[in-house]
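Student: Hey, I've just opened this one and I'm a bit lost. Can you walk me through it?

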Amino acid sequence: MATLCFFRFWLGFGIGGDYPLSATIMSEYANKKTRGAFIAAVFAMQGTGILAGGIVAIIVSSIFDKQFPAPAYQVDAKASLPVEADYIWRIIVIFGAIPAALTYYWRMKMPETARYTALVEKNAERAAADMSKVLNKEIKAETEMVERMTTDESNSFGLFSMKFLKRHGLPLLGTTSTWFLLDIAFYSQNLFQKDIFTAIGWIPPSQTMSASEEVFKIARAQTLIALCSTVPGYWFTVAFIDIMGRWAIQMMGFFFMTVFMFAIAFPYNYWSKKENRIGFVIMYALTFFFANFGPNSTTFIVPAEIFPARLRSTCHGISAAAGKAGAIIGAFGFLYAAQNQDPKKTDHGYPAGIGVKNSLIVLGVINFIGMLFTFLVPEPNGKSLEELSGENDGDVEEEKVYPQEGNNRSVPV
């Protein structure tokens with residue numbers, strides 16, 4: 001247990017810490033016309049990981065199910081979980097370490113962004129040298145321009161200052177609250193798909209399967225949802241974010257998540273019938289589609305654009321931390337809330353809850369509240385990072401400090 005807790009700590013500290021870094025790095029390297037698509041493409045790799053994880057789980061559990069066949073739990077509870085089955089989750093976790101190890105070298109070699117080096121470390125020459133290496137093109141540092149921006153008293157406020165609160169307080173509240181609310185609903189749906197699919201009869205009850213067979217069928221159902229709705233949602237965001245804008249996509253996503261959640265929750269008894277399960281699965285999949293073609297993507301993108309360079313990754317990290325707090329509430333809250341209202345029908349060791357139907361209604365309400373808090377989020381589409389953060393206040397021409405390279409790409413120095 002101690003080893004697992006230590007692993008989870010470093011997973012959150014390392015991989016979680018890369019959330020704000022990857023978003024900020026991409027936002028500061030991209031130009032304002034395609035910045036949204038580039039950051040969204042970074043986040044869309046999460047969908048690829050979800051799909052890959054499901055495929056690995058299917059393959060590993062299938063191999064173990066064939067090599068070590070076991071009876072169903074209701075036939076022989078002890079024999080349904082053979083000793084060899086304990087290796088299934090271990091092997092799946094090992095596969096998850098491979099991409100992290102592969103990216104370690106390149107992450108260590110990656111220089112700081114030029115905006116950070118110039119505006120935070122106040123080293124315009126090194127920023128220009130770093131960009132020259134990245135672009136294979138000679139970049140001249142505009143030292144005087146950078147000095148003007150870094151010595152401007154209007155940009156010297158800290159995170160815990162009244163000036164920050166006045167300039168960025170409401171946007172930070174918007175990014176933290178919407179990410180928090182989104183993750184309550186999103187992680188509830190992700191972590192307890194098996195309970196919902198079992199409730200509508202899409203996968204068999206767990207007592208009718210062996211351990212490895214249950215892993216296989218759950219992974220297969222989750223991978224199908226990811227393939228048909230989750231992954232396409234990410235790439236719809238990549239395609240349309242610089243056309244529609246962040247605010248519109250986030251509002252649309254929350255709206256349709258609310259609509260489809262209510263559409264499956266209120267007539268839940270109808271959808272739980274065997275002949276109607278396909279309709280339920282389709283609408284349930286659409287909630288995932290509009291989560292990713294919606295707030296699950298935009299809550300990652302917007303905090304990397306609207307805050308000053310010296311506070312950008314910090315504010316993104318605060319927003320992401322609020323999201324993880326929502327994920328914790330969603331995971332544990334739904335676990336208890338979705339229990340049957342009849343104490344005799346709850347899972348062993350759990351008190352009676354409000355049931356799956358009422359839990360889905362609560363998630364629909366949470367999505368609606370997310371719509372309301374979206375009004376606090378500004379629209380960054382088509383604006384430079386300096387214009388959004390107010391770092392130059394219109395006194396410095398952006399193209400002089402951040403000269404343009406071919407194809408309208410920003411070269412921050």
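Tutor: The protein chain has 17 helices and two strands, where helices (H or I, at least four residues) and strands (E, at least two) are DSSP runs numbered from the N terminus. Keep in mind that this is a predicted model, in which local features need pLDDT of at least 70, side-chain atom pairs count only at pLDDT 80 or more, and totals for chains, interfaces and linings use all residues. Residues are numbered from 1 along each chain as its sequence is written, and side-chain values use heavy atoms, with hydrogens and water left out.

Student: OK, what share of the 413 residues counts as buried?

Tutor: 46% of them do. Buried means under 20% relative accessible area, exposed means over 50%, and partly exposed is in between (1.4 Å probe, protein chains only).

Student: And how much accessible surface does the protein chain have?

Tutor: About 20600 Å², with 66% of that belonging to carbon and sulfur atoms. Those areas come from the Shrake-Rupley method with a 1.4 Å probe, and for residues only the protein chains shown count as cover.

Student: Which residues make the nonpolar surface patch?

Tutor: F95, I98, L102, Y105 and W106 make a patch of about 580 Å². Patches are made of residues with over 30% relative accessible area and no salt bridge, with like charges joined within 9 Å and nonpolar side chains (Val, Leu, Ile, Met, Phe, Trp, Tyr) within 5 Å. L102 sits in helix α3, residues 86-109, and it counts as exposed because its relative accessibility is 52%.

Student: Which residues does UniProt list as "transmembrane region"?

Tutor: The unreviewed UniProt entry lists residues 38-64, 87-106, 224-241, 247-266, 278-297, 317-338 and 359-377. The positions are in the numbering used here, feature names are shortened, and annotations may be inferred rather than shown by experiment.

Student: What do residues 224-241 look like in the model?

Tutor: That span is 100% helix and 0% strand, and its end C-alpha atoms lie 25 Å apart. For residues 359-377 the figures are 79% helix and 0% strand, with the end C-alpha atoms 27 Å apart.

Student: Let's go inside. Which residues touch the most other members of the largest nonpolar core?

Tutor: I264, F300, L360 and L363, in a core of 55 residues. A nonpolar core is a set of buried Ala, Val, Leu, Ile, Met, Phe, Trp, Tyr and Cys residues joined through side-chain atoms within 4.5 Å. Leaving out residues up to four places away in sequence, L360 touches I196, M261, I264, A265 and Y268; contact means heavy atoms within 4.5 Å. There's also a second, separate core of ten residues, V302, F307, L311 and C315 among them.

Student: Switching topic: how many salt bridges are there?

Tutor: The count comes to seven, a salt bridge being a side-chain nitrogen of Lys or Arg within 4 Å of a carboxyl oxygen of Asp or Glu. One of them pairs E28 with R312, with the closest N and O atoms 2.4 Å apart. E28 is in helix α1 (residues 2-29) and R312 in helix α14 (residues 312-337), so that pair links distant parts of the chain, 284 residues apart.

Student: Are E28 and R312 buried or exposed?

Tutor: Both E28 and R312 are buried.

Student: Where does D183 lie, and what about K324?

Tutor: D183 forms a salt bridge with K324, the closest N and O atoms being 3.3 Å apart. D183 lies in helix α7 (residues 162-191) and K324 in helix α14, so the pair ties together parts 141 residues apart in sequence. D183 counts as buried because its relative accessibility is 1%, whereas K324, at 31%, counts as partly exposed.

Student: How many residues apart are E213 and K217?

Tutor: Four, about one turn of the helix, since both lie in helix α9, residues 211-244. E213 is partly exposed, with a relative accessible area of 24%. Elsewhere, salt bridges that share partners join R35, D242, R246 and E305 into one network.

Student: Last one: where's A79?

Tutor: A79 lies in the loop between α2 (35-67) and α3. It is partly exposed, at 31% relative accessible area. Apart from neighbours within four places in sequence, A79 is in contact with A70 and P71.
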